[in-house]
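Subject: Structure handover

Hello,

Here is the structure for your files. My notes on what was found follow below it.

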Amino acid sequence: MTHLFIYLIEASICLFLLYLCYVLLINNDTFYRFKRFYLIFSVLISIAIPQLPSIRETKEFKQIITTFSQNVNAYSNYKDAFEKVVFGKIPEKLETVDSTSNMYPFLLILLTVYLLGIVLLLFRLIININQLSSLVRSNNIEPYGKYAIVHHNDDYPTFSFFRYIFLNSTNLDNNDMNIVLKHEEAHIRNWHSVDMMFIELCKIVFWFNPVIWLFKRSFVKVHECEVDDYLIETRQEDVLN
């Protein structure tokens, strides 16, 4: 149990440091693809660093030292008790304090709260995916090149998820609709849904860490900037052609 909390703390520290570098060094840059890959790399490396062999070996070395110290203390207690029994008066009671047992209820409470947060966020993600499936099943689907348009009149705005564009055409003329479709198509072409699913799963694991929520906000901002950049480039190419 303690190993889990140590891992989560170490990974959270890595997330904080790498996001701090992002804010201080590249947040204002216009290299949106590089910023996107930096965010992905930062989360991946934060997950991996606490499991690197060198760090694991350090933990094992610390565990050996701790065990050795406990054995020395146990021998010292035994020696003191033996000398008192043989050469002095018999001690009334030898008491040993187990710090691990004292910490166990607190760690159990932390683990329960942590797992409860995971269950709630995972349940919310499942509900959201189920709602998307319901939209696909209950509305008209129109082919759109390699992708598909799901026409709906619900309260949801227009958005995309993997190969589906969920189009709410309310109050949109043909020109606006074409712009919206190209915008969402750019999201699909750049695989932004993969990024969002990835960060959603990471958010479930590190829900207690506010930095992971900042990562998600940065992903959304970078995605929108990357799409705008992509649309500007395609328009320029169309004009040149």
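**Strand pairing**

Pro143 stands opposite Ala148 in β2. This is a predicted model, in which local features need pLDDT of at least 70 and side-chain atom pairs count only at pLDDT 80 or more, while totals for chains, interfaces and linings use all residues. Residues are numbered from 1 along each chain as its sequence is written, and side-chain values use heavy atoms, with hydrogens and water left out.

Strands β1 (residues 141–144) and β2 (residues 147–151) run antiparallel and are joined by 4 bridges; two strands pair if DSSP finds at least two bridges between them. Glu142 has Ile149 in β2 as its bridge partner. The two strands form a hairpin with 2 residues between them, and Gly145 in the turn has a positive phi of about 65°. β2 also pairs with β4 (residues 164–167), in the parallel sense and over 4 bridges. There, Val150 has Phe166 as its bridge partner. Of the 5 residues of β2, 4 are buried (under 20% relative accessible area; exposed is over 50%, partly exposed in between; 1.4 Å probe, protein chains only).

**Overall**

The protein has 7 helices and 4 strands (DSSP runs numbered from the N terminus: helices are H or I with at least four residues, strands E with at least two). Along the sequence the pattern is α-α-α-α-β-β-β-β-α-α-α. Of the 241 residues, 30% count as buried.

**Cores**

The largest nonpolar core has 29 residues, of which Leu15, Tyr22, Phe206 and Phe215 touch the most other members. Such a core is a set of buried Ala, Val, Leu, Ile, Met, Phe, Trp, Tyr and Cys residues joined through side-chain atoms within 4.5 Å. Two or more residues each come from α1 (2–26), α2 (32–48), α4 (99–138), α6 (192–205) and α7 (210–240). The largest share, 9 residues, is from α1. Another core, of 7 residues, lies apart from it and includes Ile165, Leu167, Leu181 and Ile188.

Leaving aside neighbours within four places in sequence, Phe206 is in contact (heavy atoms within 4.5 Å) with Tyr7, Leu8, Ala11, Ser12, Leu15, Ile47 and Ile212. In α6, the buried residues include His192, Asp195, Ile199 and Ile204.

Regards
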